[in-house]
Amino acid sequence: MAPAKKSPIWDYFEEDKSDPTNVLCTVPGCKSKKVSRGKAGIKKGNLSNTPMMNHLKGFHPKENSQFLIKKEEKDRVVGEKRKAMDEDEEMESGTVQLYNIRTVKQRNDFLVQTKVSSYVVGTPSSGATYDIHDAPAWKRVTLCLSCGPYDGHHTGENLANWLEEKLEKWKVLDRTTVTVSDTAANMIRMMAFLPSHIVHNSCLNHVLQLTINDEVLEKPEIKNIIFNVRAFTNYAAISILLSGALRNKQEELGRAETDTKALVQDVKTRWNSSFDMLERFVELQEAIKKVLEDEEWKDKINVKSTGRPVKFSSNDWKIMERVVKVLRPFKEATLKLSAAAACISRAIPTITSLLHTLKPAQNNTDMGVRDLKKRLMENLLERCDYME
């Protein structure tokens, strides 16, 4: 009996148990039953269905016609499901359309077309984007009004003058209500030089980055662990031998060859990439322990800054597990806030949800991480006090 497969081609074939690179045709009366899907020793995931289709086409025209009808129907159903999922996701998230308006005529045409009713402006130091809700459909769209190099001193006054000039050029200064930026001192100072009807909101992803850096990533005990994890991960990324050894250890522990996983490198300025690195490291900890126990690798992988071999104590692994557990809700929040459809109205619900996850567990399931959760909660409350 053919194994459960996605393609309807498997209605006419079954795997050859004696050789996984071959399949056997199940069409009655077939004179050439064995069909090769690839060279001996090739990975299962790299085997091809094309020889099976060619066999059916060349030897069984009737069954081939049936297969093509099934394939067309399956493709149609899959396409409709994918389309429905995309439409549902768009309706749920309110996907934002991006407009790039370069001329006054384009601006006027757009404003007439959308009947703009409200504005929120994002203000990086050398660009301005607009979130607009047009009436009566209240469809949210985003415009890029200006983007370019800024060669002057990035003082609050200079940034305010630059932003005000761009908004005035498009004649929307009086209808701009909110600016969103990071919490750098010059951005906060900028607000003192803008009209009083414009209020400031901090970029929540930037707030989360600062909170996690303060209370997690920059703490000495965790920082040292991350140095070691990064050293091992970066070495595996450039060493075929180490990455191969890690795959072999995973297979020895019972993971199928096609299910082995690689480590994830991080980008120091993006905390969520450090989370991804730690999460994958914890997932593969048993295989990593076996690699580090091997004489070939025991003292070969070093931390560049110290020159010391990479080693992890049982306490190090416990700390990594706790950090991953506590920071997982922060990662989910960061992804939602980074989506194209994210808007300022998500700020308070996101913070409320995160604070809820940081409360002490009633059943003591957070033993060992309560202090970390407490520090994160206090830091987050202090940074988000303005939202009340």
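**Note on the predicted model: salt bridges and a helix pair**

1. E73 and R76 sit three residues apart in helix α2 (residues 61–93), so about one helical turn separates them. The model is predicted. In it, the side chains of E73 and R76 form a salt bridge, 2.5 Å from N to O. E73 is partly exposed, at 38% relative accessible area. R76 is partly exposed too, with a value of 38%.

2. A second bridge joins D214 and R383, with the closest N and O atoms 2.5 Å apart. D214 belongs to helix α6 (residues 204–217) and R383 to helix α13 (residues 370–383), so this pair ties together parts 169 residues apart in sequence. D214 is partly exposed, at 35%. R383 is partly exposed, at 28%.

3. Helix α13 also holds R375 and D371, four residues apart, or about one helical turn. Their closest N and O atoms are 2.7 Å apart, in a salt bridge. R375 counts as buried because its relative accessibility is 18%, under the 20% cut-off. D371 is partly exposed, at 49%. E215 joins D371 and R375 in a network of salt bridges.

4. The whole structure has 16 salt bridges.

5. Helices α7 (residues 220–238) and α11 (residues 314–338) pack at about 100°, with axes 11 Å apart. They are therefore roughly perpendicular. From α7, I222, I225 and V229 make the contact; from α11, D316, I319, M320 and V323 do. Six of these residues are nonpolar, none polar and one charged.

6. Overall, the protein has 13 helices and nine strands. Of its 388 residues, 39% are buried.

Methods:
Residues are numbered from 1 along each chain as its sequence is written. This is a predicted model: local features need pLDDT of at least 70, side-chain atom pairs count only at pLDDT 80 or more; totals for chains, interfaces and linings use all residues. Side-chain values use heavy atoms; hydrogens and water are left out. Helices (H or I, at least four residues) and strands (E, at least two) are DSSP runs, numbered from the N terminus. Buried means under 20% relative accessible area, exposed over 50%, partly exposed in between (1.4 Å probe, protein chains only). Axes are lines fitted to C-alpha atoms, for helices over the stretch in contact, and angles run from 0 to 180 degrees between N-to-C directions. Angles under 35 degrees count as roughly parallel, over 145 as roughly antiparallel, 65 to 115 as roughly perpendicular and the rest as oblique. Contact means heavy atoms within 4.5 Å. Ala, Val, Leu, Ile, Met, Phe, Trp, Tyr, Cys and Pro count as nonpolar, Asp, Glu, Lys and Arg as charged, and the others, Gly among them, as polar. A salt bridge is a side-chain nitrogen of Lys or Arg within 4 Å of a carboxyl oxygen of Asp or Glu.
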